[in-house]
Amino acid sequence: MKVAIIFGSPSDTPIMKKAAQVLRELEVDYTAQVLSAHRTPELLQETIRKLESHGTEVIIAGAGLAAHLPGVIASLTLIPVIGVPINSGGLGGMDALLSMVQMPRPIPVAVVGVDNGANAAYLACQMLALKYPGLQARLVAFRAAMKADFEENTEKVEL
Ligand code: RP5
């Protein structure tokens, strides 16, 4: 099982690191690269062809500002694309969020919250868990640990 993380600029790195960390924790192989829909359009197209031939199953694409990267990727492939809208200044991430979530039919992009690289990875893992029982078991264990941790911490709350 393979996830490709693509993001539009080195300045997006801190947000996309959160996705990579979750994938590592859940033992999912991933590749990561910086590619731009407007700065390197030909290379982006070439890369998507390569990712398809290498068996990539989900793409996580992060971008800020006009944030057309996930939509352009989705137009080039049938691999599901999860967009991470990034707050790169300007409109505080609302620009990127609306750009991704407002993809015209029939080219959808699944979108997580602004700067929420971790959630993009969790969603990618849940998609892959439909096919990979080992990953499904890891997600079940992760959810159980999260619940126990939450219950333990909420018991300790004092006002
Ligand atoms: C987008 O423009 C990138 O995804 C980044 O979020 C934003 C700013 O890019 P830089 O000017 O920092 O390279 O394409």
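**Chat about Ser9 and strand β1**

Me: Hi! Where is Ser9 placed?
Reply: Ser9 lies in the loop between β1 (2-7) and α1 (13-25). Helices (H or I, at least four residues) and strands (E, at least two) are DSSP runs, numbered from the N terminus. This is a predicted model, where local features need pLDDT of at least 70, side-chain atom pairs count only at pLDDT 80 or more, and totals for chains, interfaces and linings use all residues. Residues are numbered from 1 along each chain as its sequence is written, and side-chain values use heavy atoms, with hydrogens and water left out.

Me: Is Ser9 buried or exposed?
Reply: Ser9 counts as buried because its relative accessibility is 16%, and buried means under 20% relative accessible area (1.4 Å probe, protein chains only).

Me: And which residues does Ser9 touch?
Reply: Leaving out residues up to four places away in sequence, Ser9 touches Val34 and Arg39; contact means heavy atoms within 4.5 Å.

Me: OK, on to β1. How many of its residues are buried?
Reply: Five of its six, so β1 is mostly covered.

Me: Which strands are joined to β1?
Reply: Six bridges join β1 to β2 (residues 29-34), and five join β1 to β3 (residues 58-64). Both pairings are parallel. Two strands pair if DSSP finds at least two bridges between them.

Me: What stands opposite Val3 and Ala4?
Reply: Tyr30 in β2 is opposite Val3, while Ile59 in β3 is opposite Ala4.

Terms used. Buried < 20%, exposed > 50% of the residue type's maximum accessible area, 1.4 Å probe, protein only.
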